Amino acid sequence: MVNPTLEDVAAIAGVSPTTVSRVLNNRGYLSEKTKQKVFAAMQELDYRPNAIARSLQNKKTKIVALIFPTVAHPFYGAMATYLEERLSDRGYRVILCNSQDHPERERDYIDMLLSHHVDGVITGAHSDAIANYPTLRSALVTIDREQSQRYPNIRCDNYGGARKATSALIDAGARHIVHITSTRSDTNQRQRGYLDVMQENNLEPRILEVGFASESAAKNRAITDYLDQHPEVDAVFGSNDTYAAYALNWAQVQEKKVPQDFQVVGFDGTQAIHSLLPHLATVVQPIEDMAERAVERLVEAMESSTPHEVMADESRLENDVFPTVFRPGTTVRLP
């Protein structure tokens, strides 16, 4: 039999569909004999209850959507993994969506997710499409984005981490430091930390914007071309470890000695990059702790009768900013 129904189970068990439903939802008094008849019929038919339909009786699906620009990025890949593990521990299933940083795709995902009645959303998308969605009733937590004042935003101290990275390069003797970033913006805290430290040391800031949605090959080419055209550059602060890795590859091709001739610092400190480039100096985000906090805030909102009040509690925003740690590696000259 293809896709047996609740009515099919009831017919085999010799009970009413209502009784089968009561067995599935553990409601009301039922004799052990009746339960065993229903379970036996389910096994005979290989019947699998529609979990979403059952959960909707309680107006809960126990499903959470994760929307990130791309889990191919080491940071988002690690974050999605930790989030899925912790949500699973709390009995939630996960739908993972890659938006590729396209606002239209983010809106399409939200339309789809709302039609499937997800209980909550965690997003690291960079556009305002999700946070400003007009009819979003699900609980929402954002990851490392500009604070909307409408939802909890879990992030590291991007500004402080950038100051650590830039200061480490200057202390090691670098004077011509370029900051490589996906998007140049006044609200970019890593960019601001870099600029402030450079200005405090009377050094000329240099910023290379490579674009967030660009293909990896295009970003690599942009970095290579820039460094080829600016031989005076003696250090790179990448806004993520991938950009730092591209800079190291360039230095190797140019036969530059690292860190004697050329220094590099990245940002994120994921285990994946550390396994490949254990010598890379970087600013480490506590990704696992951030994932735990995001799940805590989301579950609290999902299980509250007033989720939007829980999400809008501004008194807790400071607790959602995590400190970073500078890991020296060997791509920076220690003073």
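In which strand does D268 lie? The first legend below answers this, and all views show a predicted model.

**Figure 1. D268 in strand β9.**
D268 lies in strand β9. Its phi is positive, at about 125°, although D268 is not a glycine. The relative accessible area of D268 is 4%. Residues under 20% count as buried, so D268 is a buried residue.

**Figure 2. N202 in the loop between α8 and β7.**
N202 is located in the loop that runs between α8 (189-200) and β7 (206-209). This residue is not a glycine, yet its phi is positive, at about 55°. N202 has a relative accessible area of 71%. The cut-off for exposed is over 50%, so N202 is exposed.

**Figure 3. The cis peptide bond between V258 and P259.**
V258 and P259 are joined by a cis peptide bond. The omega angle of this bond is about 10°. P259 has its place in the loop between α10 and β9 (263-268).

**Figure 4. The crossing of helices α9 and α10.**
Helix α9 covers residues 216-229, and helix α10 covers residues 241-253. Their axes come within 10 Å and cross at roughly 50°. The two helices are therefore oblique to each other. The crossing in which α9 passes α10 is right-handed. On the α9 side, the residues that meet α10 are S216, K219, N220, I223, T224, L227 and D228. On the α10 side they are Y243, Y246, A247 and W250. By class, the residues of this contact of α9 with α10 are six nonpolar, three polar and two charged.

**Figure 5. The packing of helices α1 and α3.**
Two packed helices are described by the angle between their axes and the distance between the axes. Helix α1 (residues 6-13) packs with helix α3 (residues 32-45) at an angle of about 120°, and their axes are 8 Å apart. An angle of this kind makes α1 and α3 oblique to each other. Their crossing is right-handed. From α1, the contact is made by D8, V9, I12 and A13. From α3, the residues are K37, V38, A41, M42, E44 and L45. The contact of α1 with α3 has seven nonpolar residues, no polar ones and three charged ones.

**Figure 6. V23 in helix α2.**
V23 is part of helix α2 (residues 17-25). With 9% relative accessibility, V23 counts as buried. Not counting residues up to four places away in sequence, V23 touches L30, K35, V38 and F39. Q36 is 13 residues from V23 along the chain, and the C-alpha atoms of V23 and Q36 are separated by 9.6 Å.

**Figure 7. The packing of helices α5 and α12.**
Helix α5 spans residues 74-89, and helix α12 spans residues 287-302. The two pack at an angle of about 50°, with 9 Å between their axes. That angle makes α5 oblique to α12. The crossing of α5 and α12 is right-handed. Helix α5 contributes F75, A78, M79, Y82, L83, R86 and L87 to the contact. Helix α12 contributes I287, E288, M290, A291, E292, A294 and V295. Sorted by class, the contact of α5 with α12 holds eleven nonpolar, no polar and three charged residues.

**Figure 8. T142 in strand β4.**
T142 belongs to strand β4 (residues 139-143). Its relative accessibility is 1%, so T142 counts as buried. Leaving aside neighbours within four places in sequence, T142 is in contact with T123, P152, N153 and I154.

**Figure 9. The whole protein, for context.**
The protein has 13 helices and twelve strands. Of its 335 residues, 48% are buried. Among contacts between residues at least 6 apart in sequence, 67% join residues at least 24 apart.

Definitions and conventions:
Residues are numbered from 1 along each chain as its sequence is written. This is a predicted model: local features need pLDDT of at least 70, side-chain atom pairs count only at pLDDT 80 or more; totals for chains, interfaces and linings use all residues. Side-chain values use heavy atoms; hydrogens and water are left out. Axes are lines fitted to C-alpha atoms, for helices over the stretch in contact, and angles run from 0 to 180 degrees between N-to-C directions. Helices (H or I, at least four residues) and strands (E, at least two) are DSSP runs, numbered from the N terminus. Angles under 35 degrees count as roughly parallel, over 145 as roughly antiparallel, 65 to 115 as roughly perpendicular and the rest as oblique. A crossing is left-handed if the near helix is turned anticlockwise from the far one by less than a right angle, and right-handed if clockwise. Contact means heavy atoms within 4.5 Å. Ala, Val, Leu, Ile, Met, Phe, Trp, Tyr, Cys and Pro count as nonpolar, Asp, Glu, Lys and Arg as charged, and the others, Gly among them, as polar. Buried means under 20% relative accessible area, exposed over 50%, partly exposed in between (1.4 Å probe, protein chains only).
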